[in-house]
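Visitor: I would like to go through this structure term by term. Please set each value against its rule.

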Amino acid sequence: MNRRGKTALYVAAAIAALLIPQIPLLQPYLIQFAFLWVMILFAMTWDVMGGQMGYNSFGNIVFFGVGMYATAVVQRDLYFTVEEYASVAGGEQAALTPVEYLIGLALGMGSGAVLAVVIAALLGSGILGLRGHYFAICTLGLGIAAGELASGWDYIGAGSGLVTPLLPDALGERGPFFFYLFLVLAMITFAALKRLYAGQFGLAINAIRDDEDKADALGLHATRYKTVAWCVSGFFLALTGGAFGNLVIFIDPTDVAFAGPTFGVWMVLMAILGGKGTLWGPVIGATVFHVTQEFFWIYLFGWQRVALGLLIVVVVVFFPLGIVGWLRERWPQRFGEVVDEDARRVQVSLEGER
Amino acid sequence: MSAILEVENVTKTFGGVIANNNVSLSVPEGSIIGLIGPNGSGKTTLFNSIVGYHPIDSGAVRFQGAELSRLRTPQIARLGLLRTFQQTRIFGKMNCVQNMQISLPHVDDNFATMLRKFPPEVAERAENLLEFVGLYAKRHLLAADLSFGQQKLLEFAMALMNEPAALLLDEPTAGINPTLINGLIDRLKRANAEFGITLFVIEHNMRVIMNLAQHIYCLAHGELLADGAPEDIQNDRRVIDAYLGAH
Ligand SMILES: Nc1ncnc2c1ncn2[C@@H]1O[C@H](COP(=O)(O)OP(=O)(O)OP(=O)(O)O)[C@@H](O)[C@H]1O
Ligand SMILES: [Mg+2]
């Protein structure tokens, strides 16, 4: 497909997604779609590290939780004192004007993202020197530690959690609001990552994935790229977390914010299912995962976790490269690199090079 | 000719194994210098010691007058001293052109260059160099899908893309089809003469190194055994004994 055709396809897909809320049949499911966009954001942000760079991170959930708490705290502290808020928490009185709500949400998500970048840079300089499995194991502890810390910190509600402000009526129904919020966030994230992967950044983190010693030997600033990659991942994940707190209204430190065993594991699974290290893999993987999970929930209630586990085993055994990887292997012409042997042969002009 | 690379009394041990023992040598700017020795004599270890792949126990390494022994591999590479690997290292899941693009010099990298896209000139230069080593037709293949010999050639092309001042090549002809070796010798010489890259080459193929190098150092058991012009080394009793004794 040529460049024009591809752009047209992207625009068409974006318009189609934006029009979903206009379709009456789908209107009852807008919150479900919002969750789908969140899943896609999970997989895309995880794939920066785990797929494109080959550094499996089990600690990315930290940025999600940090973004969520930071946003909720900013939203609260902008307009209330802690005591006031506690007395009205969740009640109608906590309702804000639409402008207040939006300012709080935007400022909160922004500060959460900045905080996540700072944390990623600090953590990264500490543990991104570790290679492969050591890094993975080290990150495993991060989510757990963060959950423990949040559960013991009164300022953010400790173990009893934190409630986010309610969406003011003037801003419409929850469904369309969060549908669009997460859709736009997912689109921005997709576009930003696509752009990053298209330049030196993308090749550099791929090179680190394939052979970090060789990248070192060529003079690449590997540590800098690794740190920036984690910051990018953390940035978008914190934005996701910030909005997610408002979607679910109640932030539990271990079940929602730093939910390693669910969200933290799903990010990894969805990226692997769709195809690690590909642009569309995480999007496709998250969609398949989310839809399947919903069906399991409806039709296999009580067994849904078992079915999910089996699905994972099947994927890892039969599609180790994920859906996109499998497609590329079956039909390399259509989904892989195009080999244009007929292309003009470059004039060898080495004499004139220097 | 002044020395671009100087190795002074370098010693490197692994536990009880003395891999490099008090090795001193110098590589004049613009030259092609050979390094030979039986298997396990410490040649690769010496390359690793020079480029900061591991810390050395004692001694000094100077490149263009700068002391290297405290620097790390990427910093040394950015100074213009590059090495290739005996086992051949390329970026397997990237195609040949991408392998070349990421091999551009990284001296002037900053946060802004992270975002840059590669201009057509870079792709063209990459393709020219791939043509130079005979891999043009394979340029869109994943590097992992190349044969071992082709990967060796790709690694050489990547090194040229990096525009080093000096290049340490660890057995560049190993695994290359014998009928192509003469062509490769020719390309190594052209890289030296036309691009002005000083070459320091480990080689087991005697015909190649005699043909290529102006001066040869011979290691045995981690120590410098002899050095001299190719003809002298070829007839040196100690060198012959070292090779025969090693088998
Ligand atoms: N990382 C390491 N750890 C322990 N011992 C090592 C290490 N690297 C090299 N050695 C030892 O140092 C000695 C020299 O090895 P080196 O690889 O430098 O030899 P070489 O001259 O390159 O041999 P070849 O011609 O087979 O490539 C060998 O005895 C080897 O076992
Ligand atoms: Mg060796």
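Guide: E127(B) and R139(B) join their side chains in a salt bridge, 3.4 Å from N to O. E127(B) belongs to helix α5 (residues 120-133) of chain B and R139(B) to the loop between α5 and α6 (148-161), so the pair ties together parts 12 residues apart in sequence. The model is predicted: local features need pLDDT of at least 70, side-chain atom pairs count only at pLDDT 80 or more, and totals for chains, interfaces and linings use all residues. Residues are numbered from 1 along each chain as its sequence is written, chains are lettered from A and ligands numbered from 1 in the order in which they are written, and side-chain values use heavy atoms, with hydrogens and water left out.

Visitor: What makes the contact of E127(B) and R139(B) a salt bridge?

Guide: The rule asks for a side-chain nitrogen of Lys or Arg within 4 Å of a carboxyl oxygen of Asp or Glu. The pair E127(B) and R139(B) has 3.4 Å, so the term applies. By this rule the count is 17 salt bridges over all chains.

Visitor: Why is R139(B) called buried?

Guide: Buried means under 20% relative accessible area, exposed over 50%, and partly exposed in between (1.4 Å probe, protein chains only). R139(B) has 2%, so it is buried. E127(B), at 12%, is buried too.

Visitor: Which class does each partner fall in for the salt bridge of D236(B) and R238(B)?

Guide: The N to O distance there is 3.0 Å. D236(B) is buried at 16%. R238(B) is partly exposed at 46%.

Visitor: What span is expected for α2 (residues 30-52) of chain A, and where does α2(A) bend?

Guide: α2(A) bends by about 45° at W46(A). The bend is the angle between axes fitted to the seven residues ending there and the seven starting there.

Visitor: What makes the nonpolar patch a patch?

Guide: Its members need over 30% relative accessible area and no salt bridge; nonpolar side chains (Val, Leu, Ile, Met, Phe, Trp, Tyr) are joined within 5 Å, like charges within 9 Å. Among the members is W303(A). At 60%, W303(A) counts as exposed. W303(A) is in the loop between α13 and α14 of chain A. α13(A) gives the most, with 5 residues. Together the patch has about 1,100 Å² of accessible area, by the Shrake-Rupley method with a 1.4 Å probe, where for residues only the protein chains shown count as cover.

Key: Helix = DSSP H or I, 4+ residues; strand = E, 2+ residues; numbered from the N terminus.
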